[in-house]
Amino acid sequence: VSQAISAGFITKAESIRAMGNEYAPEAREILSRFDDWRTVENLEAIIKQVFRRYFALDDSDDIRPEFYTKSAREIWNAKLEMENKPTIHFPGLKMPPRPKVIGIEAT
C-alpha cells in the first residue's frame, strides 16, 4: 500500500528513491480500513479522507485529486493480485505537471 501511495503521489524516479516508509502511517490507516474497500471508487474516497486528515487539507488547499485516483487504482490491483484475481486495466489517467519546488534556506 505504501508503494502504491508513493507511486500515486510522486514520479517513478522519485518513487525509487523515496519508497521507504514515507507514507507508512497513512498506509497503515488505509490498510486498517481494508473491510471498507468495496469498490475502487470507495477506496479512493478512503485514501482522500486519510490524506486530508493527515495533512490538514480542505477543498481550498487539497492536493490534485488525480493522485488519489492513481493510488487507489494501484492499491486495488495489488489487492486483486493478492486474491489471485485478474487485475483491471484502467483507462489512462493524465497526470498534471508537478508544481515547481521552492527552496527555502535557513539563515
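Contact here means heavy atoms within 4.5 Å. This is a predicted model, in which local features need pLDDT of at least 70 and side-chain atom pairs count only at pLDDT 80 or more, while totals for chains, interfaces and linings use all residues. Residues are numbered from 1 along each chain as its sequence is written, and side-chain values use heavy atoms, with hydrogens and water left out. The protein has 5 helices and 0 strands, where helices (H or I, at least four residues) and strands (E, at least two) are DSSP runs numbered from the N terminus.

**Overall**

- Along the sequence the pattern reads α-α-α-α-α.
- Of the 107 residues, 34% count as buried; buried means under 20% relative accessible area, exposed over 50%, and partly exposed in between (1.4 Å probe, protein chains only).
- The accessible surface comes to about 7,300 Å², and carbon and sulfur atoms hold 55% of that surface. Such areas come from the Shrake-Rupley method with a 1.4 Å probe, and for residues only the protein chains shown count as cover.
- Among contacts between residues at least 6 apart in sequence, 55% join residues at least 24 apart.

**Packing of α3 and α4**

- Two packed helices are described by the angle between their axes and the distance between the axes.
- Helix α3 (residues 24–32) packs on helix α4 (residues 40–54) at an angle of about 140°, and the axes are 10 Å apart. Axes are lines fitted to C-alpha atoms, for helices over the stretch in contact, and angles run from 0 to 180 degrees between N-to-C directions.
- That angle makes α3 oblique to α4; angles under 35 degrees count as roughly parallel, over 145 as roughly antiparallel, 65 to 115 as roughly perpendicular and the rest as oblique.
- The crossing of α3 with α4 is right-handed. A crossing is right-handed if the near helix is turned clockwise from the far one by less than a right angle, and left-handed if anticlockwise.
- On the α3 side, P25, E26, E29 and I30 meet L43, I47, V50, F51, R53 and Y54 of α4.
- The residues of this contact divide into 7 nonpolar, no polar and 3 charged. Ala, Val, Leu, Ile, Met, Phe, Trp, Tyr, Cys and Pro count as nonpolar, Asp, Glu, Lys and Arg as charged, and the others, Gly among them, as polar.

**Packing of α4 and α5**

- Helices α4 and α5 pack at about 125°, with axes 8 Å apart, which makes α4 oblique to α5.
- Their crossing is right-handed.
- V40, L43, E44, I47, K48, F51 and R52 in α4 meet Y68, T69, S71, A72, R73, I75 and W76 in α5.
- The residues of the contact of α4 with α5 divide into 8 nonpolar, 2 polar and 4 charged.

- V40 belongs to helix α4 and counts as buried because its relative accessibility is 13%.
- Leaving aside residues up to four places away in sequence, V40 touches A72, R73, W76 and F90.
- V40 and T69 are 29 residues apart in sequence and 8.6 Å apart in space, C-alpha to C-alpha.
- P65 sits in the loop between α4 and α5 (66–82) and is partly exposed, at 47% relative accessibility.
- P65 and E44 lie 21 residues apart in sequence and 9.4 Å apart in space, C-alpha to C-alpha.

**Positive phi**

- Most residues other than glycine have a negative phi.
- A56 has a positive phi, near 50°; A56 is in the loop between α4 and α5 and is exposed at 63% relative accessibility.
- N84 has a positive phi near 55°; N84 lies in the segment after α5 and is exposed, with a relative accessible area of 73%.
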